[in-house]
Amino acid sequence: MRLVSDFLPRRHSAAGHPFSLTATIAPVNLDDTIVAVATPPGRGGIGVVRLAGARACEIALPMLRLKRELEPGRVVFGELVEAGGELNATVAAELRSAGQPRAAVPTRPPASLRTEPEIRLANEVSKQPEQRIDEVVVTYFAKPYSYTTDDIIEISAHGSPVVLRHIVELCVASGARVAEPGEFTMRAFLNGRIDLTQAEAVRDLIDSQTLYQAKIAAQQLEGALSKRLQPVKKKLVELIASLEAGIDFAEDDVSLMPDAATLELIAEVRAPLEQLAASFAYGKIVHEGLTLAIVGRPNVGKSSLFNCLVERERAIVTATPGTTRDLVTETVAIGGIPVRLVDTAGIRRALDEAESIGIRKSMEALADADLVLVVLDSSKPIVEEDDELVRQAAERPAIIVENKWDLVGDVSPRISAPKNLPLIRTSAVTAEGIAQLRAEILRHIRGETGHASEAGFLTNVRHRGLVRDSLTSLDAACTAVENRVPHEMLLLDLYGALRPLDAITGATTTDDILNLIFSTFCIGK
């Protein structure tokens, strides 16, 4: 019997004694044949049940009436059927309970306790032919050319939850086990078909909210991050091997590597890791999106601007100052990045308690946002509240927006924006400047580093932490070289830099981390 723990490295306690964390998670037998509904819950035009394991064909075929034999990689049309013998309990119970509420249907009594009429009824039912439940399309993926590298049968039926649940129940009755969350992808990882970054990319692809997010997840699924790490790991391993050889074969005239050469090689490893770590700022936005708060005095056109960005009448707009009293939020895609827009109450001296609460929430939104749009009314003179908002925004990522530009005859800006803040002139009525505003928001998202054009940038907090750990160990290695520490001790730091990189791809990932990652998957994946 193969268990998940059999594929994982042993961990060690502080005293150096090995111990296992398998007691913290339910043991999963990789030799089991597993089954789950692979499509989202609810009704739909189609639903898919996935069955994976050595007994997949053995379990699936008795419930199917196929037009032709299964072939690997081919779809076969057929029918989902239920044998007459398996129908006995249901039909007999319904016949016995004619006229009774469904809740009153009695359980089927043991054969020794049945009456003679019940025995005759059961015999009649058992002679009935197979009952068709649904039309299905069946796909067979033969090992090792499947998602998990096991034999896989996928049954596509109409998307009735009752039918899909019944298929799962028939599979379980024949010896399959209901899959744990993420177990299909975990098997693909443990069987060597994908590495851990690719497994996490499967989850990201499913969770993507925009097409751009899906494309980035697809790059990761193809191994973009692993390919970017591969040459870094290769250089680090070569450095470790050279130092090891100098120690192990010193008596055979294998010279020790000079300190200058060692520092140069460490720098060659460090440089791409620093670039990779810097990519997380953009990768985090790609993965999670960002929050953009629209702030300003009452009646400067914040809600109108909000509606322009959302491209529908989401917020109420009136000529009365102070119409917006609470936060109004909506998520839109700008350049493929999910941007959560927050329309806020106008900031001024509050006239009542409700407005005071709204203004407090506006200030909180300004403080919490990743990017702030400070909206000014270009048709009116700048007042003290405008200057104060601009001063606050200058301390954080922000864009100054002079709205209502259609009401202004001249072309000179109404305010002198700080040098670090861009200024965009817009009209929510004519849509003038809205495209430029979107472009400026996108420029802020992508930054000046060019990470948007890179493949394999960091989008995952776990990956970012491990890259940082590796850089910390490399710093310690540089210090060790400069202090002329023996190579035996230097190697400890270099191995400390290698282990986090292995952990990113899953080469040395412990079972508790795996459990945390795959528990966030849906059941059928």
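# Reading the Backbone, Cores and Salt Bridges

Student: Which residue takes a positive phi just after helix 5?

Tutor: Glycine 192 does, with a phi of about 85 degrees. Helices (H or I, at least four residues) and strands (E, at least two) are DSSP runs, numbered from the N terminus. The model is predicted, so local features need pLDDT of at least 70 and side-chain atom pairs count only at pLDDT 80 or more, while totals for chains, interfaces and linings use all residues. Residues are numbered from 1 along each chain as its sequence is written, and side-chain values use heavy atoms, with hydrogens and water left out.

Student: Which residues have a positive phi although they are not glycine?

Tutor: Most residues other than glycine have a negative phi, and most peptide bonds are trans. In this structure, asparagine 299 has a positive phi of about 65 degrees, and alanine 431 has one of about 70 degrees. Asparagine 299 is found in the loop between strand 10 (290-296) and helix 11 (302-310), whereas alanine 431 belongs to the loop between strand 15 (423-425) and helix 14.

Student: Are asparagine 299 and alanine 431 buried, partly exposed or exposed?

Tutor: Buried means under 20% relative accessible area, exposed means over 50%, and partly exposed is in between (1.4 Å probe, protein chains only). Asparagine 299, at 26% relative accessibility, is partly exposed. Alanine 431 is also partly exposed, with a relative accessible area of 43%.

Student: Which peptide bond is cis?

Tutor: The bond from lysine 143 to proline 144 is cis, with omega near 0 degrees. Proline 144 lies in the loop between strand 7 (131-141) and strand 8 (152-159).

Student: How many residues of helix 5 are buried?

Tutor: Helix 5 (residues 183-190) is mostly covered, with eight of its eight residues buried. Among them are Glu183, Phe184, Arg187 and Leu190. Phe184 also has a charged neighbour: the charged end of arginine 50 sits over the ring of phenylalanine 184, 5.3 Å from its centre. The rule for such a case is NZ of Lys or CZ of Arg within 6 Å of the ring centre and within 35 degrees of the ring normal.

Student: Which residues touch the most other members of the largest nonpolar core?

Tutor: A nonpolar core is a set of buried Ala, Val, Leu, Ile, Met, Phe, Trp, Tyr and Cys residues joined through side-chain atoms within 4.5 Å. The largest one here has 31 residues, and Leu292 and Leu437 touch the most other members. Helix 14 (residues 434-446) gives the most to this core, with five residues. A second, separate core of 30 residues includes Leu225, Val232, Ala480 and Leu491.

Student: What does leucine 292 touch?

Tutor: A contact means heavy atoms within 4.5 Å. Setting aside residues up to four places away in sequence, leucine 292 touches Val339, Arg340, Leu341, Val342, Leu371, Leu373 and Ile441.

Student: How many salt bridges are there?

Tutor: A salt bridge is a side-chain nitrogen of Lys or Arg within 4 Å of a carboxyl oxygen of Asp or Glu. By this rule the count is 23. One of the pairs is lysine 233 and aspartate 502, whose closest N and O atoms are 2.8 Å apart. The pair links distant parts of the chain, with lysine 233 in helix 8 (residues 224-248) and aspartate 502 in helix 16 (residues 487-505), 269 residues apart. Both lysine 233 and aspartate 502 are buried.

Student: Where do glutamate 274 and arginine 270 stand along their helix?

Tutor: An α-helix has 3.6 residues a turn, so residues three or four places apart point the same way. Glutamate 274 and arginine 270 are four residues apart in helix 9 (residues 259-278), and are therefore separated by about one helical turn. Their side chains meet in a salt bridge (2.7 Å, N to O). Elsewhere, salt bridges that share partners join Asp32, Asp150, Arg177, Glu183 and Arg187 into one network.

Student: What does the protein look like as a whole?

Tutor: There are 17 helices and 15 strands. Buried residues make up 45% of the 525 residues. Of the contacts between residues at least 6 apart in sequence, 68% join residues at least 24 apart.
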